[in-house]
Amino acid sequence: MFFLGGIFLISSCDNLYEGIDDDVTFPDEEAATKEHDPRFVQCYYEEGLAKNQCDSVLISIFGEELYSKNVRFDLAESSLNCEVDGDIQLVAFGDSNHCVPNSYDLRYSVKSNGKSIFPFRMVAGKDMEFEPVSTIIEDQLIGYRKLLEGDFKISYTQAKSIALAEGVDFNESALELVKNEGDSLSISSTFHWEAELEYDHNSVVLLLIDVMTGETNTELLKIEYFQ
């Protein structure tokens with residue numbers, strides 16, 4: 001039902017432009033194009049269209065119940081990119097100074113037991129075809145869905161306790177679910193918890209925690225600089 005509603009809203013935005021002569025002049029000289037005509041630039045705000053489109057993608061990943069209970073939109077950190085009078089501007093999402101968006105950057109977080117455990121970004125162009133900002137994040141969201149469904153034995157709280165015992169400084173590092181690649185852990189699970197254990201200018205030591213057993217391992221990543 002939502003999907004059909006989204007199609008209708010997008011179509012209604014497109015239809016606003018039908019029948020408008022490109023050469024028409026408006027009383028306000030600054031609104032001399034359809035992009036700057038105030039009758040059209042407000043279309044972005046119609047029924048929260050952009051956010052609804054983004055929410056529908058996240059519901060397809062998490063399911064409606066988990067999304068409702070455990071995923072939160074961060075309005076304060078969300079933004080959009082606009083062209084205003086020939087200049088590119090970063091505008092707060094929902095800003096009352098209307099503009100025609102070129103792209104969207106919406107911020108969300110996964111919550112567990114009322115606490116944010118994983119902030120992430122959803123992005124789209126002016127077509128509002130939202131997707132996670134990278135394939136890595138897309139994989140991680142699947143991992144967090146599995147976590148919320150109870151598929152993993154080691155919770156975020158348990159993994160954080162293990163990481164603290166191993167020496168992780170959470171003033172300097174975050175704890176995230178990451179999809180396994182290769183044989184990073186001797187008992188392989190689909191995902192592992194990951195935190196930064198040590199860092200210098202040439203390398204990073206990552207602490208890996210198996211989501212099923214709590215077993216730990218480390219991985220050394222060399223930092224390459226390009227000139």
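Colleague: Which residue in β3 does F73 stand opposite?

Modeller: F73 faces Y108 there. Keep in mind that we're reading a predicted model. The two strands, β1 and β3, pair in the antiparallel sense, with 8 bridges between them.

Colleague: And how are the rings of F73 and Y108 arranged, in distance and angle?

Modeller: The search of the whole structure turns up 9 aromatic pairs. F73 and Y108 form one with 5.3 Å from centre to centre and 55° between the planes, a tilted pair. This pair links distant parts of the chain, since F73 sits in β1 (residues 71-84) and Y108 in β3 (residues 101-112), 35 residues apart.

Colleague: Is F73 buried or partly exposed? And what about Y108?

Modeller: Buried means under 20% relative accessible area. F73 is at 25%, so it counts as partly exposed. Y108 is at 2%, so that residue counts as buried.

Colleague: Which residues do the ring pairs link into a cluster?

Modeller: Follow the pairs from ring to ring. You get a cluster of F73, F93, Y108, F118, F120, Y144, Y156 and W193.

Colleague: Back to the strands. How many bridges join β3 to β4?

Modeller: 10 bridges, with β3 and β4 (residues 115-125) running antiparallel. Y108 has F120 of β4 opposite it.

Colleague: What is the strand order in the open sheet of 4 strands?

Modeller: Read across the sheet: β6-β7-β8-β9, paired antiparallel. β6 and β9 (216-222) stand at the edges with a single partner strand each, so one side of each has no neighbour in the sheet. On average, neighbouring strands here are turned by 40° against each other, direction ignored.

Colleague: Which residue in β7 is the bridge partner of L177?

Modeller: That's W193, a residue that also belongs to the aromatic cluster. The pairing of β6 with β7 (residues 191-199) is antiparallel over 4 bridges.

Colleague: Which helices lie across these strands?

Modeller: Take each helix with the strands it crosses, then read the angle. α5 (residues 135-148) lies across β6 and β7, at about 115° to β6. α6 lies across β7, β8 (203-210) and β9, at about 130° to β8.

Colleague: Last one: where does F170 lie, and which residue lies over the face of its ring?

Modeller: F170 is in the loop between α6 (156-165) and β6 (176-179). For a charge over a ring, start with the distance to the ring centre: K160 lies over the face of F170 at 5.1 Å. Leaving out residues up to four places away in sequence, F170 touches K160, A163, L164 and L175.

Terms used: Residues numbered from 1 in each chain as written. Predicted model: local features only at pLDDT ≥ 70, side-chain atom pairs only at ≥ 80, totals over all residues. Heavy atoms only, no water. Phe/Tyr/Trp six-rings, centres within 6.5 Å; stacked < 30°, edge-to-face > 60°. Buried < 20%, exposed > 50% of the residue type's maximum accessible area, 1.4 Å probe, protein only. Lys NZ or Arg CZ within 6 Å of the ring centre and 35° of its normal. Pairing = 2+ DSSP bridges. Contact = heavy atoms within 4.5 Å. Axes fitted to C-alpha atoms, helices over the stretch in contact; angles between N-to-C directions.
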